[in-house]
Structures are given as structure tokens and as C-alpha cells.
Amino acid sequence: MARDSQAALVALHRFGFGARGGASGDLVNAASDPRGFVKSELNRPSGLLLEVPGLQSTPALAQAVFEYQEQVKLAREAAAKAGTPASDATPPPAQPPQAAPPADNIQRRNLSLNTVATNIAGQSPDAKAGETGGNAGMAAADTMQQGAAMAPNAPMQQGAAKPPPQPLNIIQKTYRAEALARLQRAVLADCGFTERLVAFWSNHFCISANKGELARMWAGSFEREAIRPHVLGRFADMLKAVEQHPAMLFFLDNQQSLGPDSRAGQNRKRGLNENLAREIMELHTLGVGGGYTQEDVTSLARIITGWTFAGRQGQLGAPGNFVFNANAHQPGPQALLGKTYEAGGLGQGEAALADIARHPSTAKFIATKFVRHFVADDPPPALVARLQDSFTRTDGDLRALALTLVDSEEAWKAPLTKVRNPYEFLVATGRLLARVPDDPGLYLNGLNVLGQPLWSPSGPNGFPDTNAAWAAPEGMKLRLDLSAQVASRIGANIDPRDLLELAVADAASVETRRTIEHAESRQQAMALLLMSPEFQRR
């Protein structure tokens with residue numbers, strides 16, 4: 001069978017995380033049967049589950065964080081009685097995020113490096129600086145000192161003593177363990193298509209670890225429990241799992257939402273919180289312009305009152321479990337999107353979600369977003385229509401949706417113009433260098449620097465998915481810094497020309513090949529390889 005290196009590049013970059021280094025033979029295997037190489041992962045749905053020793057369930061994590069918070073409270077009270085400064089009895093505060101150095105402090109680089117970064121950014125005329133978003137404030141505490149190696153160098157005061165690293169608390173340890181498990185799976189995956197699907201759906205149904213201690217504790221378990229089991233299943237099942245997960249309920253404050261006429265609402269003189277209902281319709285299913293009104297948002301908010309999770313006191317159930325609190329539920333029938341849902345407690349909301357999942361606007365919204373992520377910022381209408389039809393015809397079968405995408409001609413013929421987001425870039429780098437992460441610090445800090453802190457978007461709409469966000473000149477210069485630092489740590493033991501053949505082969509352009517061959521050192525050649533269009537684009 002003839003081998004097609006360009007199709008192999010599409011298979012590995014558009015659908016996966018790129019070729020692995022070492023003796024993986026990914027490019028050769030993909031070149032022999034590009035579509036089959038991508039589809040092979042779809043035949044192993046059990047491989048999506050992340051069952052790693054030490055990773056606990058959401059209820060177990062809730063119990064752990066509640067116990068930790070109680071210990072902090074008792075320690076502070078004891079310190080107050082003893083007259084000890086409160087800071088001595090509390091966990092160390094999060095370190096401030098590492099900012100990019102001012103332009104005049106950035107180290108001088110070879111002109112060819114700057115040219116590569118500028119050229120990559122310049123190919124996207126819509127690219128703007130400052131659109132990546134993301135609040136790295138809380139995440140900075142989780143990166144530790146090892147992560148600083150991936151950040152632009154900051155000047156140190158001469159003779160200043162380096163403070164000892166603070167011990168991690170249970171929340172930081174859990175967050176890092178979850179991050180490490182996810183990163184290792186992505187770096188080791190054959191193609192990475194199913195891990196790309198996990199990342200896509202996790203961003204679609206995003207929460208933010210920056211919401212608070214529970215959100216940071218639950219960020220990984222939310223993905224493991226609500227996203228991964230359904231990535232190749234039905235959309236309606238994923239939607240239900242997501243909206244009933246304690247992490248989503250906490251993130252969008254549904255535990256605070258009380259039916260105005262419910263027993264709890266009348267006693268507490270508090271009413272609806274529409275956050276979850278609004279995001280279900282606007283961001284999770286129908287999309288803006290999907291045919292719903294503000295009245296529908298309010299109606300859905302009433303329907304899902306009582307959807308909450310058991311708190312530290314366990315009055316509604318075991319702490320950290322989803323529960324339906326009938327005392328907080330708005331009684332009576334509700335009209336939503338032209339249909340009346342009779343009073344039925346929990347079943348009323350589940351019936352509404354099931355219908356929204358099957359709504360034509362949901363099919364169009366999901367198909368458009370899917371194609372935008374994998375193929376082009378401006379999704380080809382014919383391809384969107386086919387995915388929309390697949391979604392509708394199969395009752396939201398997400399495996400069928402992925403297969404329709406892989407079987408399309410557009411997905412293989414469209415040029416590789418989308419720039420990898422920071423997560424994809426860092427994972428692809430680890431794969432190419434055959435470095436399985438044993439500590440998440442380097443990756444977490446790199447993601448913070450590049451504007452995509454793990455599980456921590458700045459809003460419920462998730463991280464952006466267009467070149468305007470990730471191909472901005474400032475972002476490319478930060479990637480250049482990281483690439484140069486990676487190259488300096490690798491040293492001269494690896495020949496970048498060998499990696500170019502392993503990862504791209506004859507799909508490499510003459511210009512890229514010449515640039516790498518004429519580099520002044522192996523370290524410079526490695527940085528140029530990581531910044532090349534063949535590596536940056538998917």
C-alpha cells in the first residue's frame with residue numbers, strides 16, 4: 001500500500017497530538033492507512049476511562065476537602081487564642097501568576113527564531129493579542145518550582161535567598177495528580193484522537209478550577225466521571241451527567257437556586273439563580289440564536305430547582321453526591337420551548353434535558369462547533385450539514401459523529417491552517433521528545449504562561465477555538481521562549497533532523513528543512529523545529 005506522508009500528517013495533527021518519538025513508528029503507521037489509524041482508537045471505548053490508582057470519586061474528594069477546611073478552621077481558632085499570627089496557622093497563599101517579561105528584558109534571539117514566530121502569527125490576519133483569556137492566579141500555586149523552568153526567566157536579586165518551597169495541601173495535591181494522569185494519557189496515546197475528543201467535550205462543558213476549593217478539587221473527577229464515559233456514547237447521556245455533577249452545580253451556583261413557591265424559597269425569601277439554565281441553553285445545547293427566549297431560560301431554571309449536592313453536614317445525603325432536594329423545587333407544570341412539562345420532581349428536569357438534547361438547534365450548534373475545532377475556523381457548510389444529519393439521525397451518537405468527520409473528504413483536503421492551542425502544543429512536544437511526564441509542574445506552568453491554565457477558563461464559554469486567540473504575535477513569542485528553553489534542556493544529544501524525519505518526513509517544506517539544517521546549533525534547530533508550521537499547525 002502506498003504511503004502518504006501528507007495524509008499521515010493530517011491524521012496525526014488534525015485528529016491527534018502528533019507523532020511520538022522513539023521507536024513508535026506513528027508516521028509510518030498513519031501513512032499506510034490514515035483513516036484506519038485514526039478510527040482504531042474509536043474501537044476501544046474502554047480506553048477513554050481514566051482509572052488510575054489514587055484518583056478518588058467526587059464524594060470521596062468532597063469529604064477530604066471538607067475535613068481539610070475544618071482542620072484549617074480549628075488551626076486558625078487555636079492560633080487566635082494563642083495570639084499566633086493567623087498566617088502561621090493557614091495554608092500558604094497561592095503565588096501570583098508569572099507574567100511575561102517586558103519586551104526590553106526578553107533575551108536576544110537569533111533572527112531566524114523571531115522570523116519563524118512572526119511568520120506563523122502573520123499567516124492569521126485576524127490574530128489579535130490579549131484574546132487568550134484565562135486566570136492563572138489560583139493555578140500558580142500548583143506549579144511548584146519545577147514549573148518555573150518553562151516560564152520566561154525573571155531577574156533575581158543578587159544574593160537574595162531562595163525561599164523554600166511550601167508543602168502542598170490536599171487540594172493542590174489532588175489537582176496535580178489529576179493533571180498528571182490526564183497528561184500521561186495524552187502523551188502515551190497512539191494517535192490521541194479520543195484524548196482530543198475528551199479535551200473538546202471537557203472545554204465545551206467546562207467548569208473552572210478557579211471558582212474555589214471544591215472546583216479545584218473536583219476539576220479532574222468531573223472530567224473522569226461526566227465526560228470520559230460518554231465521549232463515544234450519546235450526547236443526551238453526557239448532558240445529563242454533566243448537569244447533575246456536583247462540580248457543574250457548584251460552578252454555576254445551582255445549589256443556591258430555590259423555587260420561589262417552594263418550601264425553602266418561602267422560608268428563606270430567596271429565589272431563582274438562572275446561571276445553569278442559561279448556560280445549558282446558550283453554551284451546552286441550543287446555542288445563541290437557537291430559538292429560545294428569556295422566558296424559556298427562566299422556565300428551565302424553575303424546572304431544575306432542587307438539583308444540588310449534599311454538603312458537609314450530610315443533611316441531604318452523603319457529602320459530595322448529587323441529590324434532588326424536593327423542598328427547593330418549584331412546584332407545578334412548566335412551559336419550555338413550546339411544550340408543557342408536568343410536575344414530576346427530578347423527572348421533570350430530566351425530561352426537559354432529553355428533549356433539548358434532541359432539538360434541531362442543538363444538532364446544528366454541536367456540528368458547527370465540532371467542525372470548527374477539528375477542521376477550520378470557518379466550518380464548511382456541507383460538512384456541518386452532514387454532521388448535523390448524523391447527530392439527528394443517530395439520536396446524538398457521538399461515536400457516529402466522530403466517524404462522520406473522519407470519513408469526510410473535507411477533513412482530509414482542508415489545509416492545516418489551525419494553530420495548536422497551548423495544551424495541544426505542549427503535549428505534542430512531550431510526545432515528539434518521547435518524554436512521559438512524571439511531574440505536571442512543567443506543563444501546568446507552561447499552560448499558565450501561554451494563557452490556557454488547565455481546567456481554568458475565565459468564563460463558562462471555555463477557551464477560544466480560533467486562530468485569533470492562539471496565533472497572536474505575543475502568544476507566538478511566548479511559545480518561542482518555551483521552545484528555546486525546552487531545546488536548551490534537551491542539549492545536543494538529539495538530532496532535530498532525525499526528529500523532523502520521524503514526525504513529518506517528506507511532508508516537510510523545503511523552507512522548513514533548510515532552516516533546520518542551517519541552524520547554528522542543535523539546540524537552535526530544535527527550537528526551530530518546534531516553532532515550524534508543520535509542528536504548530538493542525
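The largest nonpolar core has 132 residues, and Phe15, Phe193, Trp201 and Leu300 have the most contacts inside it. Helix 8 (residues 213–227) gives this core its largest share, eight residues. Another core lies apart from it, with eight residues, among them Val419, Phe463, Trp470 and Leu480. The model is predicted.

**Overall make-up**

- The protein chain contains 26 helices and four strands.
- Of its 538 residues, 53% are buried.
- Take the contacts in the protein chain with a separation of 6 or more: residues 24 or more positions apart account for 76% of them.

**Helix 13 and Leu300**

- Helix 13 spans residues 294–303, and seven of its ten residues are buried, so the rest of the structure largely encloses this helix.
- The buried residues are Asp296, Val297, Thr298, Ser299, Leu300, Ala301 and Ile303.
- They pack against two helices, helix 12 and helix 14 (346–357). They also pack against strand 1 (307–309), strand 3 (334–336) and strand 4 (339–341).
- Leu300 is one of the buried residues of helix 13, and it is also among the residues with the most contacts inside the largest nonpolar core.
- Neighbours within four places in sequence aside, Leu300 is in contact with Ala277, Ile280, Met281, Leu336, Ala352 and Ile356.

**Leu272, a loop residue**

- Leu272 sits in the loop that runs between helix 11 (263–268) and helix 12 (275–284).
- Its relative accessible area is 29%, so Leu272 counts as partly exposed.
- Leaving aside neighbours within four places in sequence, Leu272 is in contact with Ser257, Leu258, Gly259 and Pro260, and also with Thr298, Ala301, Arg302 and Thr305.
- Leu272 and Asn254 are 18 residues apart in sequence; C-alpha to C-alpha, they are 8.7 Å apart in space.

**Helix 15 against helix 17**

- Helix 15 (residues 360–374) packs with helix 17 (residues 398–407) at an angle of about 50°, and their axes are 12 Å apart.
- That angle makes helix 15 oblique to helix 17.
- The crossing of helix 15 past helix 17 is right-handed.
- On helix 15, the contact is made by Ile366, Phe370 and Phe374. On helix 17, Leu401, Ala402 and Leu405 take part.
- An α-helix has 3.6 residues a turn, so residues three or four places apart point the same way.

- Most residues other than glycine have a negative phi.
- Ala434 has a positive phi of about 55°, although it is not a glycine.
- Ala434 is found in the loop between helix 19 (422–432) and helix 20 (441–450).
- With a relative accessible area of 46%, Ala434 is partly exposed.
- Ala505 has a positive phi of about 55° and is not a glycine either.
- Ala505 lies in the loop between helix 23 (496–503) and helix 24 (510–517).
- Ala505 is buried, because its relative accessible area is 13% and the cut-off for buried is under 20%.

Note on methods
Residues are numbered from 1 along each chain as its sequence is written. This is a predicted model: local features need pLDDT of at least 70, side-chain atom pairs count only at pLDDT 80 or more; totals for chains, interfaces and linings use all residues. Side-chain values use heavy atoms; hydrogens and water are left out. Buried means under 20% relative accessible area, exposed over 50%, partly exposed in between (1.4 Å probe, protein chains only). Contact means heavy atoms within 4.5 Å. A nonpolar core is a set of buried Ala, Val, Leu, Ile, Met, Phe, Trp, Tyr and Cys residues joined through side-chain atoms within 4.5 Å. Axes are lines fitted to C-alpha atoms, for helices over the stretch in contact, and angles run from 0 to 180 degrees between N-to-C directions. Angles under 35 degrees count as roughly parallel, over 145 as roughly antiparallel, 65 to 115 as roughly perpendicular and the rest as oblique. A crossing is left-handed if the near helix is turned anticlockwise from the far one by less than a right angle, and right-handed if clockwise.
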